[in-house]
Amino acid sequence: GDCLVLTQLPVYFAARDSPVITEKRKMIYFEVKVVALRRGPGGDASGLSVGYVAQPYPTWRSPGWERGSLGVFSDDGCRFVNDSFGGRDFTAPITAGETVGIGMEFLSGEKEKQKCQTHIFFTRNGRRSGGWDLHEEVDEESGGVEGLEGNYDLYGAVGLFGGVDFESCFDPAGWLWRPE
(Lines give C-alpha, C1' and ligand atoms only; values in the text may rest on other atoms or scores of the structure.)
Protein backbone atom coordinates (compact mmCIF):
# COMPACT_ATOMS: atom_id res chain seq x y z
CA GLY A 1 0.00 0.00 0.00
CA ASP A 2 0.88 3.67 -0.05
CA CYS A 3 2.96 5.20 2.70
CA LEU A 4 4.23 8.65 3.53
CA VAL A 5 7.66 9.84 4.68
CA LEU A 6 7.61 13.29 6.34
CA THR A 7 10.13 15.71 7.73
CA GLN A 8 10.05 15.53 11.50
CA LEU A 9 9.92 19.33 11.81
CA PRO A 10 8.05 21.73 9.54
CA VAL A 11 9.99 23.26 6.65
CA TYR A 12 7.62 26.24 6.82
CA PHE A 13 6.67 27.65 10.25
CA ALA A 14 3.58 29.81 9.77
CA ALA A 15 4.15 31.87 12.94
CA ARG A 16 7.73 32.71 11.93
CA ASP A 17 7.87 32.47 8.12
CA SER A 18 4.59 33.95 6.88
CA PRO A 19 5.09 37.02 4.67
CA VAL A 20 1.90 38.38 6.25
CA ILE A 21 3.94 38.68 9.47
CA THR A 22 7.49 39.25 8.18
CA GLU A 23 6.60 41.29 5.08
CA LYS A 24 9.30 39.26 3.28
CA ARG A 25 8.98 36.59 0.60
CA LYS A 26 9.55 33.00 1.83
CA MET A 27 10.59 30.02 -0.27
CA ILE A 28 10.72 26.34 0.73
CA TYR A 29 12.17 23.59 -1.47
CA PHE A 30 13.65 20.10 -1.45
CA GLU A 31 14.85 17.54 -3.97
CA VAL A 32 14.46 13.79 -4.36
CA LYS A 33 16.69 11.57 -6.45
CA VAL A 34 14.88 8.47 -7.73
CA VAL A 35 17.55 5.78 -7.40
CA ALA A 36 15.43 2.78 -8.48
CA LEU A 37 11.82 1.81 -9.19
CA ARG A 38 11.24 -1.90 -8.56
CA ARG A 39 8.05 -3.87 -8.98
CA GLY A 40 5.93 -3.83 -5.86
CA PRO A 41 4.24 -6.78 -4.15
CA GLY A 42 2.40 -8.94 -6.66
CA GLY A 43 4.23 -7.27 -9.57
CA ASP A 44 2.41 -3.95 -9.14
CA ALA A 45 3.93 -0.76 -10.55
CA SER A 46 5.98 1.45 -8.24
CA GLY A 47 6.36 5.18 -7.88
CA LEU A 48 6.57 8.16 -5.64
CA SER A 49 5.18 11.62 -5.16
CA VAL A 50 6.88 14.73 -3.82
CA GLY A 51 5.05 17.53 -2.06
CA TYR A 52 4.03 19.25 1.15
CA VAL A 53 1.43 18.50 3.81
CA ALA A 54 -0.10 20.26 6.81
CA GLN A 55 -0.54 18.12 9.93
CA PRO A 56 -2.40 16.05 10.92
CA TYR A 57 -2.05 13.98 7.75
CA PRO A 58 -2.73 10.25 7.23
CA THR A 59 0.48 8.25 6.81
CA TRP A 60 -1.13 5.93 4.26
CA ARG A 61 -2.00 8.72 1.78
CA SER A 62 0.30 10.40 -0.72
CA PRO A 63 0.77 14.18 -0.63
CA GLY A 64 -1.92 15.92 -2.64
CA TRP A 65 -4.67 13.42 -1.95
CA GLU A 66 -6.06 14.88 1.28
CA ARG A 67 -6.82 18.36 2.61
CA GLY A 68 -3.82 20.55 3.37
CA SER A 69 -1.52 18.92 0.82
CA LEU A 70 -0.09 19.03 -2.67
CA GLY A 71 2.11 16.68 -4.68
CA VAL A 72 3.49 15.70 -8.09
CA PHE A 73 3.44 11.98 -8.98
CA SER A 74 6.15 10.00 -10.77
CA ASP A 75 3.95 7.46 -12.56
CA ASP A 76 1.90 9.90 -14.62
CA GLY A 77 3.36 13.35 -13.90
CA CYS A 78 0.02 14.63 -12.57
CA ARG A 79 -0.21 17.28 -9.85
CA PHE A 80 -2.68 16.94 -7.01
CA VAL A 81 -3.87 19.63 -4.59
CA ASN A 82 -6.27 18.42 -1.87
CA ASP A 83 -7.64 16.02 -4.49
CA SER A 84 -7.71 12.22 -4.77
CA PHE A 85 -9.94 12.26 -7.87
CA GLY A 86 -7.34 12.20 -10.64
CA GLY A 87 -5.26 15.35 -10.41
CA ARG A 88 -4.24 17.51 -13.36
CA ASP A 89 -1.77 16.84 -16.14
CA PHE A 90 1.48 18.60 -15.33
CA THR A 91 4.76 17.00 -16.43
CA ALA A 92 6.22 13.86 -18.00
CA PRO A 93 6.51 10.76 -15.80
CA ILE A 94 9.57 10.67 -13.53
CA THR A 95 12.05 7.86 -14.11
CA ALA A 96 14.86 6.20 -12.16
CA GLY A 97 18.04 8.29 -12.20
CA GLU A 98 16.22 11.64 -12.26
CA THR A 99 16.35 14.24 -9.51
CA VAL A 100 13.16 16.23 -9.02
CA GLY A 101 12.43 19.10 -6.69
CA ILE A 102 9.33 20.88 -5.48
CA GLY A 103 9.15 24.32 -3.97
CA MET A 104 6.63 26.83 -2.71
CA GLU A 105 7.02 30.60 -2.76
CA PHE A 106 4.91 32.63 -0.35
CA LEU A 107 4.27 36.32 -0.95
CA SER A 108 2.23 38.68 1.19
CA GLY A 109 -1.47 38.43 0.57
CA GLU A 110 -4.65 38.93 2.60
CA LYS A 111 -3.50 40.19 6.02
CA GLU A 112 -6.92 40.03 7.62
CA LYS A 113 -7.24 36.33 6.68
CA GLN A 114 -3.53 35.55 7.30
CA LYS A 115 -3.30 34.05 3.78
CA CYS A 116 -0.43 34.43 1.31
CA GLN A 117 -0.17 34.44 -2.44
CA THR A 118 1.39 31.06 -3.13
CA HIS A 119 3.26 29.78 -6.19
CA ILE A 120 4.41 26.18 -6.57
CA PHE A 121 7.38 25.28 -8.79
CA PHE A 122 8.89 22.01 -9.94
CA THR A 123 12.43 21.18 -11.03
CA ARG A 124 13.85 18.27 -12.96
CA ASN A 125 17.59 17.53 -12.92
CA GLY A 126 18.43 21.02 -11.66
CA ARG A 127 16.23 23.04 -14.05
CA ARG A 128 12.85 24.62 -13.48
CA SER A 129 10.25 22.52 -15.22
CA GLY A 130 6.93 24.23 -14.64
CA GLY A 131 4.81 25.57 -11.87
CA TRP A 132 1.39 26.92 -11.00
CA ASP A 133 -0.39 29.46 -8.85
CA LEU A 134 -2.05 27.74 -5.89
CA HIS A 135 -5.32 29.53 -6.55
CA GLU A 136 -5.59 27.89 -9.99
CA GLU A 137 -6.53 24.82 -7.97
CA VAL A 138 -9.48 26.21 -6.03
CA ASP A 139 -12.14 23.53 -6.35
CA GLU A 140 -14.58 23.34 -3.47
CA GLU A 141 -15.54 19.75 -4.37
CA SER A 142 -11.91 18.73 -3.81
CA GLY A 143 -11.55 20.77 -0.62
CA GLY A 144 -10.16 24.05 -1.95
CA VAL A 145 -6.63 25.01 -0.93
CA GLU A 146 -7.12 25.13 2.85
CA GLY A 147 -3.85 24.65 4.73
CA LEU A 148 -1.56 25.69 1.86
CA GLU A 149 -1.84 29.49 1.88
CA GLY A 150 0.87 30.14 4.44
CA ASN A 151 -1.29 30.04 7.54
CA TYR A 152 -0.36 26.50 8.64
CA ASP A 153 2.99 24.77 9.24
CA LEU A 154 4.05 22.64 6.27
CA TYR A 155 6.15 19.48 6.17
CA GLY A 156 8.17 18.08 3.26
CA ALA A 157 6.58 14.82 2.13
CA VAL A 158 7.43 11.86 -0.10
CA GLY A 159 4.64 9.42 -0.88
CA LEU A 160 5.66 5.90 -1.87
CA PHE A 161 3.94 2.94 -3.50
CA GLY A 162 5.57 -0.34 -4.50
CA GLY A 163 9.36 -0.70 -4.40
CA VAL A 164 11.20 2.64 -4.53
CA ASP A 165 14.76 3.58 -3.62
CA PHE A 166 15.25 7.32 -3.22
CA GLU A 167 17.43 9.97 -1.61
CA SER A 168 16.06 13.29 -0.38
CA CYS A 169 17.98 16.52 0.12
CA PHE A 170 16.81 19.53 2.14
CA ASP A 171 20.25 21.19 2.29
CA PRO A 172 20.74 23.92 -0.38
CA ALA A 173 24.43 22.92 -0.68
CA GLY A 174 23.35 19.53 -2.06
CA TRP A 175 20.69 20.69 -4.52
CA LEU A 176 21.15 20.41 -8.28
CA TRP A 177 18.88 23.45 -8.72
CA ARG A 178 20.33 26.80 -7.72
CA PRO A 179 17.89 29.56 -6.65
CA GLU A 180 18.13 32.71 -8.73
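Q: Why is the radius of gyration said to agree with that of a compact globule?
A: For 180 residues a compact globule would come out near 16 Å, and the protein has 15 Å, so the two agree. The radius is taken over C-alpha atoms, and the globule rule is 2.2 Å times the number of residues to the power 0.38.

Q: What should I know about the model itself?
A: It is a predicted model, where local features need pLDDT of at least 70, side-chain atom pairs count only at pLDDT 80 or more, and totals for chains, interfaces and linings use all residues. Residues are numbered from 1 along each chain as its sequence is written, and side-chain values use heavy atoms, leaving out hydrogens and water.

Q: Why is Gln117 called partly exposed?
A: Its relative accessible area is 46%. Buried means under 20%, exposed over 50%, and partly exposed in between (1.4 Å probe, protein chains only), so Gln117 is partly exposed. Across the protein, buried residues make up 50% of the 180.

Q: Which residues does Gln117 touch?
A: Leaving aside residues up to four places away in sequence, Gln117 touches Glu105, Phe106, Leu107, Ser108 and Gly109. A contact means heavy atoms within 4.5 Å.

Q: Where in the protein does Gln117 lie?
A: Gln117 is part of strand E7, residues 115-124. The protein has two helices and ten strands; these are DSSP runs numbered from the N terminus, helices being H or I with at least four residues and strands E with at least two.
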